[in-house]
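Open the structure in your viewer and keep the selection panel at hand. The stops below say what to select next and what is there.

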Amino acid sequence: MNEQAETPLPAHPDHLFTWLDVNQYFADLAQQAGWPPWLREVDAYWDSARVLVDPAVPTDEVWNWLRQVLGPLTIDPERSVLLLDDAGDERPLAVEIERTNQLAPPDRRPRWNDRRVVAELSQSLPPPKPALPHDVPIVAFHSFKGGVGRTLHCVAAARRIADSGRRVLLVDADLEAPGVTWMVADSTRIDFSYEDFLALVHGATDETYTEAISIGRKFLANQELDGIVVMPSRRHHLRVAPPRIEPVDLLTTDRDPYVLTEALNELGHAVGADVVLVDLRAGSSELSAPLLLDPRVLRVFVTTISDQSVRGTTQLITELARRAPARQQTDPDCGLVITQFNPQDHDGRVASVATELRNAAMLVSRNISLERNQVDADVAIPVISSQFESGLLNLPASWDDVVRLATRSGLTNLMGELVDPLLAEDQMLHPAAQPDDLTADVVRDNLAKVADALVYAEQAGEHDFLPTDALRNLAQAHRTELPVEVVIGSKGAGKTFTYLQLCTRPTWAAFTEAAGVPGSTLAVPTVAVLASTTLKSHVEETITARRTATADRLTGREPASFLKIRETIREALGREMSPARWRRLWLACFGQALGLDATEDNAEEALTTFAGKNSVVFVLDGLEDLFQNFVDDRREQHALRALLVDCPDWLRTLRGRPLGLVAFVRRDLIREAINQNVAQFERRYEKYALRWNQDEALRLTVWVCQRGGIFGNTELQVRAAGREELSAHMLAVWGEKMGTAKSREARSEVWFFAALSDFNQQIQARDIVSFIATAAESSIGSDERWDDRVLTPLAMRNALPLCSQKKIEAISEENRPVGRLLARLRSLDASQRSLPFKLDVVGLNSQEAELLEANGVMLAEDGQYWIPEIFRHGLNFTMRSGRRPRVLAVAHLVRRRNDLAS
């Protein structure tokens with residue numbers, strides 16, 4: 001009794017008007033695990049309420065507990081009655097306490113209203129068989145409200161599957177307000193309907209439903225529309241009477257509780273369908289319950305952003321999490337579709353709705369997903385945003401017109417994110433297929449060594465390189481005229497690596513040829529003026545030898561060393577220098593790199609004289625080594641501005657542009673040095689900026705793997721290959737998913753980008769290469785089940801924290817103000833390092849938050865802040881109370897904001 005008294009009691013019921021309220025109250029109490037261990041069942045009816053209890057419990061204890069939960073004025077133990085609410089006249093309901101040890105176990109079925117009120121209501125429904133009889137996925141589209149676009153998006157999904165060359169069975173299971181049925185009524189003959197199928201399954205005497213499947217296969221053959229086999233809700237679409245048979249009629253005790261799912265799977269297999277799509281009845285209807293409460297079904301919820309629709313959908317998903325959560329690795333996560341919003345006006349609301357729905361959907365996956373890496377859960381649950389289109393409000397009556405409308409409005413492509421993974425096939429691209437029958441571990445070791453050598457450009461030597469769009473743009477724009485350009489890129493974006501490609505090739509034309517742009521007439525040598533101090537000695541010696549040979553050929557003199565030029569700049573930083581003097585000093589350094597006797601006083605004349613007979617392209621890198629106090633030091637800022645603005649302007653004044661310049665510089669140096677019109681400056685050089693979007697990042701990933709020998713003798717032109725071809729090749733590297741192709745794990749490619757991208761949708765080349773090197777090394781010695789790929793899921797997940805630490809070190813070196821804030825976050829007490837957080841909890845002000853947001857380190861959402869995975873691990877932040885980061889939801893939000901901004 002004491003233990004029971006310590007359990008928090010629920011609020012007393014507001015009203016008990018009838019025996020139905022009594023049953024519902026005790027059912028709610030059971031679902032909250034609020035029953036004492038001795039209570040077996042409650043069974044109220046219009047004339048009495050039976051309370052079945054353990055024989056050993058004292059009667060007084062039963063009455064005392066009933067008074068506690070129902071209230072002392074509701075229970076009268078003396079008369080053994082429960083007093084219902086009245087209008088002045090007493091309305092007693094007799095209470096009968098029965099003792100039993102022989103209570104039959106409840107036969108719970110996938111329906112919203114359980115037939116018996118028992119303690120087991122606190123548990124989820126009994127699980128179905130681990131797998132469906134045939135490998136035919138079932139996808140059920142549902143909405144809490146009608147009119148949200150559920151049927152249209154279901155049809156669009158069907159069209160997407162059919163367009164891929166697969167077959168789909170489309171079932172209109174809305175027996176009260178059918179939509180698909182009306183669309184196809186005039187487009188095809190209707191011989192067989194969902195009602196017919198339910199009746200045949202209901203009357204079946206065996207568990208194979210042979211007759212139902214046989215008849216369905218025969219007559220559905222006449223109801224195919226371009227790869228979509230349609231099973232309308234009823235044969236006579238004009239009949240408005242209620243359904244004659246409902247799915248719950250199948251839930252008899254002599255059948256498997258999940259008979260409807262099993263039967264539809266059998267039917268889909270019989271008609272040759274690759275997927276079964278079901279358009280369900282809206283609301284919390286028993287017409288939809290048998291499929292919604294089967295965790296093997298991919299349950300897709302469609303909602304607008306209206307409060308009623310969102311709250312109803314969220315509550316419905318939450319109820320599914322309690323009754324029918326995912327249990328098996330093959331149980332799919334929920335799909336979420338947000339419709340009918342205006343991106344200009346509702347962007348914030350869409351993000352909020354996505355957050356709310358995703359939180360609920362995560363609960364459905366809790367039994368499996370909480371064991372995953374933090375990134376996995378979000379990339380496994382798609383949130384599809386389908387914005388408002390006025391043409392979709394009034395659908396045409398014809399099936400063909402509806403399909404054309406869905407295609408023209410982009411809905412079929414939009415639904416690809418949801419249905420394309422269903423069509424994935426297990427692929428065995430075994431590394432052992434490499435030349436000489438190399439083992440998987442040998443292939444992994446080769447890749448690890450190649451990638452590790454590419455992590456830092458100074459270790460890369462004279463490797464070939466991958467010409468990105470930015471470098472192709474640079475080469476394309478300067479085939480007949482030398483470049484005078486600034487190449488902007490963050491730390492790790494590949495500045496030094498690209499610098500090496502310029503400096504280790506004899507001419508500008510050789511570089512443009514290597515960049516994939518033939519036809520340059522500029523056989524002009526490149527001359528390195530400055531280099532990064534992190535270059536390996538043998539690499540610096542190679543560059544020095546080339547510039548020495550060039551200077552000897554052009555001037556017959558020894559060029560100034562990199563050290564000498566750096567000392568010249570540092571000495572000048574100790575003096576007050578005008579912009580004009582800084583420009584002349586930089587030009588003098590250019591001349592000294594050629595061996596010219598150039599000084600601050602004669603630099604312009606010396607270079608002009610040289611340019612009368614010769615042409616060269618000056619190349620600079622390593623400015624961050626030279627200017628380490630650029631944030632606070634005004635002189636360093638003036639020096640940088642002269643180099644990046646004044647020197648290019650002077651070089652452009654030379655007729656015929658005989659002298660070129662390519663300066664590699666970090667974006668943060670530019671923003672401090674050019675305090676006026678910085679946006680205009682960045683726009684001028686934007687097409688040459690070293691940014692890595694997903695296509696370029698994937699291309700780099702494939703290129704690194706190709707260099708590691710992953711693809712053997714396969715002919716693959718990485719630069720020319722399309723996204724689909726690149727993705728297909730990566731199946732041999734990381735598989736289709738972070739598990740088997742048919743598992744409910746995230747797609748490997750999606751996981752990869754979600755894990756390594758910041759909140760500005762940027763992913764750095766160094767992070768990619770470092771990740772591949774770490775994951776390849778960690779994959780060595782893995783068990784044989786992952787011999788179909790090079791990088792194992794566990795190794796990829798374990799590589800992320802190490803890459804995160806390196807990422808933080810890199811950005812801290814590159815951007816000291818950001819680095820100081822990251823150091824503060826990392827030094828917080830463990831209790832403060834949890835996501836999401838509010839600014840006051842972590843001690844940040846709004847200006848500091850804006851700086852971190854601008855650098856992709858944080859994102860504000862509903863007044864709380866999130867950190868991307870590529871930073872979260874290195875900062876040692878955890879998820880509060882088991883919550884997981886909404887990586888993909890945030891990625892969609894960021895992408896949507898960027899689209900609006902553009």
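**A pair of buried rings**

Begin with Phe771, which is buried, with a relative accessible area of 0%; buried means under 20% relative accessible area, exposed over 50% and partly exposed in between, with a 1.4 Å probe and protein chains only. This is a predicted model, in which local features need pLDDT of at least 70 and side-chain atom pairs count only at pLDDT 80 or more, while totals for chains, interfaces and linings use all residues. Residues are numbered from 1 along each chain as its sequence is written, and side-chain values use heavy atoms, with hydrogens and water left out.

A search of the whole structure finds 15 aromatic pairs. Rings of Phe, Tyr and Trp (its six-membered ring) pair if their centres lie within 6.5 Å; planes under 30 degrees apart count as stacked, over 60 as edge-to-face and the rest as tilted.

Trp751 belongs to helix 31 (residues 748-756) and Phe771 to helix 32 (residues 765-779), so the pair ties together parts that are 20 residues apart in sequence. Helices (H or I, at least four residues) and strands (E, at least two) are DSSP runs, numbered from the N terminus. Trp751 is also buried, at a relative accessible area of 0%. To see the cluster joined by ring pairs, select Trp734, Trp751, Phe752, Phe753 and Phe771.

**A stacked pair**

Select Phe837 and Tyr865 next. Their ring centres are 6.0 Å apart and their planes at 15°, so the pair is stacked. Phe837 sits in the loop between strand 19 (834-835) and helix 35 (839-842), and Tyr865 in strand 21 (residues 864-866), 28 residues apart. Both Phe837 and Tyr865 are buried.

Two strands pair if DSSP finds at least two bridges between them. Strand 7 (residues 138-142) and strand 12 (residues 298-303) run parallel and are joined by 4 bridges.

**A bent helix**

Select helix 26 (residues 634-651). Its 18 residues reach 25 Å from the first C-alpha to the last, close to the 26 Å expected; the expected span is 1.5 Å times one less than the number of residues. At Ala642, helix 26 bends by about 35°, the bend being the angle between axes fitted to the seven residues ending there and the seven starting there.

Go to Arg444 in helix 17 (residues 440-454). Arg444 is buried, with a relative accessible area of 0%. Leaving aside neighbours within four places in sequence, its contacts (heavy atoms within 4.5 Å) include Ala776, Trp786, Asp787 and Thr792.

Finish at Asp196 in helix 6 (residues 194-202). Asp196 is buried, with a relative accessible area of 12%. Not counting residues up to four places away in sequence, Asp196 touches Asp191 and Arg235.
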